[in-house]
Amino acid sequence: MRNSNIVLLGNPNVGKTSLFNRLTKLNQKVGNYPGITVEKREGTLKANNKTYQIIDLPGTYTLFPNSLDEEIVFKVLSQKENKLSPDLTVVVAEPATIKRGIILYQQARELGLPAIFVLNMMDEIDSKGMNIDFPKLEAYLKTKVYKTNARTGKGLQELIQSLDEKPGFYTGGFQVPQEYQAPMEEAKKLFPLATEYLTWQYLAQDNVSYLDQATQEKIAQIQAKYSLNPQEMQKLESVIRHDQITADLEGILNKAENKTVDSTSKIDSILLHPVLGYIIFFGLLFLIFQAIFTWSGPLMDWIDGTFGSLTEYLAGVLPEGPLSSLFIDGIVAGIGGIVIFVPQIVILFLFLSLMEESGYMSRVVFLMDRWLRPFGLNGKSVIPLMSGAACAIPAVMSARNIENPKERLLTMLVTPFMTCSARLPIYIVIIGLIIPETTFLGFNVQGITLFIMYLLGIVGALGSAWILNKVIKSVRSSFLIFELPTYKMPDWKNVLTNVWDKASGFLFEAGKIILMISIVLWVLGSFGPNRNFYDAEQIVTENNPNMAEDDLAREVASYQLEHSFLGYIGMGIEPIVRPLGYDWKMGIGLISSFAAREVFVGTMAVVYSLGDDVDIEDEGQKATLLSRMRAEINANTGKPAYNFASGISLLLFYAFAMQCMATIGVVRKETGSWKWTLIQTLFMTGLAYVAALIAYQILK
């Protein structure tokens, strides 16, 4: 016997998620609906001597699907064959917007669903100026109204005891207008077992995804025959229901002065100010990025040090050999490369969750929408884009908040263009090699160059979004229509749950892909096709009999890397990268930096026999690396390998290329598609190659 499905239905910002967390006691899981990147939250509740499956549907204002989220809501509620089809629908509302909640309740009941009505946030009735006659409201709804406060758990036990309730017969309040009676009669013949309202829904939609093609064509024929406009039908229903409910609730709902709304208006006069609003928002973003860098730094250093100590310990206790090396340098190091991103993800999503819970996120969307709309993005895209300046991984994950599927996809595809912190070591080294340390108009030229690299990231992101917006077709139009919620204190349980979901999702989903690629790169760098790799120590010792032990070890590592599979791949791609001004050694750096962009510096240090632990923040080590790289001659051109032309080419390549396996892993997870992940990788790498090629050919 299957568990009873209890579906939570409600508008955004009514405390539905808090109620879900209370009911499931965090015994829940988050994933995507099959074949679609809309978040699905479900959990279990053991009560009344049975187990209930609790499904938290996306927040919606209507059952008419005008977004991907709303399409999921309609499908779950109306498709009887759906495995999530509810045994009971719990419609959640809050006092200030109770009329909209009642509309959802009516629509659910008229679909033929058993439903009960919950009025959450009961503690806000007085502050929102509400006076509700509950006996009359229950008579009107033909159900008991359950009063809860999800933050404190008040009223929760009574709600749980009602989950086996079988609501009685419900007579719909919506009467189909006379001018639509004829098409309705024809449509009823197609759906003899459906309720009248479900038949109306089929007629009032452009497309119902779960109906077979033949049935959809018959509906389209009826729509064409009677010149039906689905949008006009939806609008008409909304007007009829709103007018009817407003009249019916006279004497049931009474409003006094709304103190909360008044306070919200005063705050909004500052936060939505055409000048102050942007200053405050960008100031907040600055603080968030500072927190990501400052707070995550010690934690990331600790994780790095812990895994470094662990690998040293394992190297000391495990016997030498390929299996030990695979475990230590491939698996353990790969896991370390995943875990080290967790502090940044946690800090970013902590701030995002606080902004969402408090109601400020809606204001951010409102402020930025007009500036991003011409590029095919929307206001919510600003958070991923700006977060990309810290790290693309949590930034791509934060695009989940964007409802429109095309805008969400576009945001994920272009966010990696933003200059992340991992690019900084490369920029610092290359700029130090090719840009003189002079001033222009009192400003350091190297600093100006670094600023230009950040600007290039922004131009790359917005320009690519503009191009992709012309190519990718949208199934649905996107309009910025939403309610600005009143400000409230965040529910810390929701905040911490959301942070845990995002961090664990990255670790266990994207982490699998990152680990797999780490192992592949380890194999390529740890084995070679001939004796030059395996006899590297003997060959190097014979050629350098008087070399000091430490220098000899670094020279052996360099020689082995040169003759590993990775080294030969670097030599193999030399004809491809030669037009960019690179030699095979730089080619090795490009390939190895696929693990993470900053690996380029360590790889170059190994290639030039300096060891892989060069710290570019140490001026002495940085100077040694720069000196060795300046002295390097490109065998193809006979010129310094790192001249102005090749340096600018390399900067442009890293500015635009998709060079981070962790980002690829998280994009694959978030899009649910290898197709778009590969398109993104090829597009970015192709753009990087062309930009680097043009720059080198002009400047050489």
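For the element names I kept to DSSP runs numbered from the N terminus, helices being H or I of at least four residues and strands E of at least two.

Before going further I noted that this is a predicted model, in which local features need pLDDT of at least 70 and side-chain atom pairs count only at pLDDT 80 or more, while totals for chains, interfaces and linings use all residues. Residues are numbered from 1 along each chain as its sequence is written, and side-chain values use heavy atoms, with hydrogens and water left out.

**Confidence.** I looked up the pLDDT, the predictor's confidence in each residue from 0 to 100, and found a chain mean of 81, with 86% of the residues at 70 or more.

**Chain totals.** I counted 31 helices and 11 strands in the chain, and buried residues make up 53% of its 700 residues. Of the contacts between residues at least 6 apart in sequence, 73% join residues at least 24 apart.

**Around S5.** Returning to S5, I checked both of its faces and found them covered, with Leu 88, Val 90 and Val 92 buried on one side and Thr 89, Val 91 and Ala 93 buried on the other. Strand S1 (residues 4-10) runs parallel to S5 and is joined to it by 5 bridges, with Leu 8 standing opposite Val 90; I took two strands as paired if DSSP finds at least two bridges between them. Strand S6 (residues 115-119) also pairs with S5 in the parallel sense, over 5 bridges, and there Val 92 stands opposite Val 118. Together S5, helix H3 (residues 98-110) and S6 make a right-handed β-α-β unit, the hand meaning that, with the strands pointing away from the viewer, the path from the first strand over the helix to the second runs clockwise.

**Lys 16.** I then looked at Lys 16, which lies in helix H1 (residues 16-24) and is buried, with a relative accessible area of 6%. Leaving aside its neighbours within four places in sequence, Lys 16 has contacts that include Leu 8, Gly 10, Asp 56, Gly 59 and Val 92.

**Positive phi.** I found a positive phi of about 55° at Asn 48, although this residue is not a glycine; Asn 48 sits in the loop between strand S3 (39-47) and strand S4 (50-56) and is partly exposed, at 31% relative accessible area. Met 121, also not a glycine, has a positive phi of about 55°, and its place is the loop between S6 and strand S7 (130-132), where Met 121 counts as buried at 7% relative accessibility.

**Cores.** For the nonpolar cores I used sets of buried Ala, Val, Leu, Ile, Met, Phe, Trp, Tyr and Cys residues joined through side-chain atoms within 4.5 Å. The largest has 89 residues, and those with the most contacts inside it are Phe 281, Ile 383 and Tyr 582; its largest share, 9 residues, comes from helix H11 (residues 276-317). Apart from it lies another core, of 57 residues, with Leu 77, Tyr 180, Leu 211 and Met 233 among them.

**Two further residues.** I noted Gln 446 in helix H19 (residues 445-471), where it counts as buried at 19% relative accessibility. Not counting residues up to four places away in sequence, Gln 446 touches Ile 431, Gly 432, Ile 435, Pro 436 and Glu 437. Last, I looked up Ser 673 in the loop between helix H30 (661-671) and helix H31 (674-699), and at 16% relative accessibility Ser 673 counts as buried. The side chain of Ser 673 reaches the backbone nitrogen of Lys 675 at 3.1 Å.

Terms used. Buried means under 20% relative accessible area, exposed over 50%, partly exposed in between (1.4 Å probe, protein chains only). A polar contact is a pair of N or O atoms within 3.5 Å; within protein, one must be able to donate a hydrogen and the other to accept it, and residues adjacent in sequence count only if both atoms are side-chain atoms. Contact means heavy atoms within 4.5 Å.
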